[in-house]
Amino acid sequence: MKKKTKTIYSAWFLAPAVIIFGLLFIIPTVISLFFSMTVWDLSSFRWVGLQNFIDFFSEYSLRIGIKNTFIYAAATCVLKVVIGLLFAVILTSKIRTKNLVRSIIFFPNLISTVAVGIIFSALMHPSKGLFNEVLGFLGIGGINWLGDRSIALYSVIMTDVWKGVGVATVIYIAGISAIPKDYYEAASLDGATSVKQFFTITIPLCRSSINSVIILAFIGGMRTFDLIWSMTGGGPGFATDTIASVIYKQYAAGFYGLSTAGNVIMFLLIAVIAFPLFNYLTSKEVEV
Amino acid sequence: MIKRKVKLAAADIIVLLSSLLIFGTPLYFLVINSFKSQKDARALSIAWPETFHIGENFYEAFSNQNYLIIRAFGNSVLITFFSVLGLICICAMAGYVIQRRKDRLSKIVNGCILTGLMIPPAILPTIWVMQGIGIYKTIFGMVLVEIALGIPFTTMLFRGYMGSIPREIEEAALIDGCGKFRIFAVIIAPLLKPIASTAVILQAVTVFNDFVNPLYFLPGNKNATIQLTLYNFMGKFSNKYNLLFADIILITIPMLVLFIFFNKRIIDGMAAGAVKG
């Protein structure tokens with residue numbers, strides 16, 4: 001049997017994937033550990049030890065990227081998990097327009113992130129944008145969505161949720177539709193209200209969907225770059241810089257070692273948070 | 001009974017209207033402003049245009065900078081086509097073997113690939129490697145990078161789907177004297193069509209809309225992709241919202257067409273792929 005496995009499923013089938021993935025993903029990842037401790041310009045390098053990492057944590061303009069990345073990842077993750085679940089519950093009820101609404105919610109995912117950034121920057125224009133006009137109509141003073149240091153990051157987060165909540169919703173819909181209907185029937189015969197059914201049946205049984213959404217949204221948030229870059233460019237000041245935008249800025253400024261160190265910090269953070277989170281979440285899953 | 005029906009109809013309408021309000025308004029804003037004159041569009045309102053300038057705006061968006069957008073569109077289509085083609089061939093084979101073999105080699109490969117789902121790429125070292133083998137700033141290099149970054153997700157899709165195909169098929173074919181490459185190419189590959197079409201659509205959207213990777217790995221105007229062009233227009237047209245929005249519409253139309261035809265496949269594919277990960 002063992003021999004047969006080897007004869008049919010030749011390891012050569014893995015070769016193209018291993019070569020391309022190894023060459024352009026694994027090798028760069030491994031050597032990034034080395035180059036993050038150098039000052040280099042792609043052709044020559046000088047060893048500086050941990051200096052790049054020290055700079056990263058001591059300089060405000062770099063350190064703030066780490067903090068913003070956490071806020072961004074956590075906020076987009078929580079909002080997508082909650083709002084997506086809400087939409088999915090509505091769309092798995094008896095609503096007749098659900099297919100149409102599902103498509104409407106999902107469509108922003110197909111628009112490029114840069115385009116979404118441009119559209120929302122226009123909507124958030126401080127003096128004539130639609131958002132402030134609506135607020136003005138309601139008698140609330142205008143908000144400088146992208147120009148105010150304390151708000152700008154949250155404006156981008158809001159845009160990210162608008163674009164990405166559709167994926168969370170369809171993942172939940174798949175999970176909720178897989179729950180057998182008899183559970184709900186039995187529960188309502190026993191007199192459970194729909195709120196109670198939601199908390200005792202829907203949430204525990206679509207756990208694996210919730211986990212997928214958490215992981216996807218969190219990792220996506222940690223890596224975010226294009227939306228930030230097209231909406232604020234990291235500004236005002238450094239108020240919306242994330243690790244990924246700091247990596248790009250350092251690259252553009254020619255500080256390749258520092259940029260690589262940022263990259264290493266990003267994967268260490270993801271590895272330290274996402275892997276244990278993933279293991280913890282999957283250990284709590286139950287089979288439907 | 002009638003009361004319940006009325007209630008349900010009311011819920012229908014409320015859900016539809018609020019989804020249109022939240023998700024449709026920005027799109028309506030985009031479209032309506034691409035029809036306006038420059039002065040009119042600068043007001044950034046959702047009011048009906050005073051005068052329509054549809055042909056003019058779209059022609060201008062097209063012809064700007066010597067039809068740069070057409071060249072960029074060509075580049076993007078080229079990159080998308082070859083990346084997706086490569087991904088499907090490479091990942092179908094890899095997913096097939098990883099799902100079937102239970103030895104150490106396939107476990108290691110699987111582990112590496114799953115790690116790739118989470119860990120972001122190391123950008124500058126990738127440029128360094130690309131420069132070393134002479135593919136930096138080339139379309140070919142860009143295609144290889146898109147393939148490398150798409151391998152984890154696509155392989156996972158194929159590996160998951162292989163689980164639903166019984167092993168006996170290959171074993172029977174082996175007894176009939178079929179070689180290992182023919183088993184894959186003639187017997188297994190046709191069975192993978194459903195998941196392959198899902199993977200094609202999802203990866204085509206990802207690669208076509210990719211901004212970050214071309215920004216790093218394919219800089220320069222010569223090989224600009226459509227998303228980079230859009231980003232450059234953003235700086236250039238900062239006051240000509242009508243043209244900027246016309247541009248966005250032009251480059252979103254392919255995705256819209258894809259979505260209209262493959263709506264169900266895209267949505268189900270995203271959901272299935274995400275859950276299996």
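Student: Which residues of chain B does the UniProt annotation "transmembrane region" cover?

Tutor: The unreviewed entry lists residues 12-32, 72-96, 108-133, 139-162, 183-208 and 241-262 of chain B. Such annotations may be inferred rather than shown by experiment, and feature names are shortened. The model is a predicted one, in which local features need pLDDT of at least 70 and side-chain atom pairs count only at pLDDT 80 or more, while totals for chains, interfaces and linings use all residues. Residues are numbered from 1 along each chain as its sequence is written, and chains are lettered from A in the order in which they are written.

Student: What makes residues 72-96 of chain B a helical span?

Tutor: Helices are DSSP runs of H or I with at least four residues, strands are runs of E with at least two, and both are numbered from the N terminus. Residues 72-96 of chain B are 100% helix and 0% strand, with end C-alpha atoms 35 Å apart. Residues 139-162 of chain B are also 100% helix and 0% strand, and their end C-alpha atoms lie 32 Å apart.

Student: Why is Ile83(A) called partly exposed?

Tutor: A residue is buried if 20 or more other C-beta atoms lie within 10 Å of its own, exposed if 12 or fewer, and partly exposed in between, with C-beta atoms placed from the backbone. Ile83(A) has 15 C-beta neighbours inside 10 Å, and therefore counts as partly exposed. This residue is in helix α4 (residues 60-91) of chain A. In chain A, 45% of the 288 residues are buried.

Student: Which residues is Ile83(A) in contact with, leaving aside its neighbours within four places in sequence?

Tutor: Two residues are in contact if their C-beta atoms, placed from the backbone, lie within 7 Å. On that basis Ile83(A) is in contact with Val161(A) and Val165(A), once neighbours within four places in sequence are left aside. The C-alpha atoms of Ile83(A) and Val165(A) are separated by 7.2 Å, and these residues are 82 apart along the chain.

Student: Why are α4(A) and α11(A) called roughly antiparallel?

Tutor: Axes are lines fitted to C-alpha atoms, for helices over the stretch in contact, and angles run from 0 to 180 degrees between N-to-C directions. Angles under 35 degrees count as roughly parallel, over 145 as roughly antiparallel, 65 to 115 as roughly perpendicular and the rest as oblique. α4(A) and helix α11 (residues 207-222) of chain A pack at about 150 degrees, with axes 8 Å apart. The pair is therefore roughly antiparallel.

Student: What makes α3(B) oblique to α9(B)?

Tutor: Helix α3 (residues 54-100) of chain B and helix α9 (residues 193-208) of chain B pack at an angle of about 140 degrees, with axes 9 Å apart. That angle makes α3(B) oblique to α9(B). The crossing of these two helices is right-handed, a term used if the near helix is turned clockwise from the far one by less than a right angle, anticlockwise being left-handed. The contact of α3(B) with α9(B) has eleven nonpolar, four polar and no charged residues. Here Ala, Val, Leu, Ile, Met, Phe, Trp, Tyr, Cys and Pro count as nonpolar, Asp, Glu, Lys and Arg as charged, and the others, Gly among them, as polar.

Student: How many residues does each chain bring to the contact between chain A and chain B?

Tutor: Chain A brings 78 residues and chain B brings 75 residues. On the side of chain A, the largest share, 15 residues, comes from helix α2 (residues 15-35). By class, that side has 53 nonpolar, 18 polar and seven charged residues.
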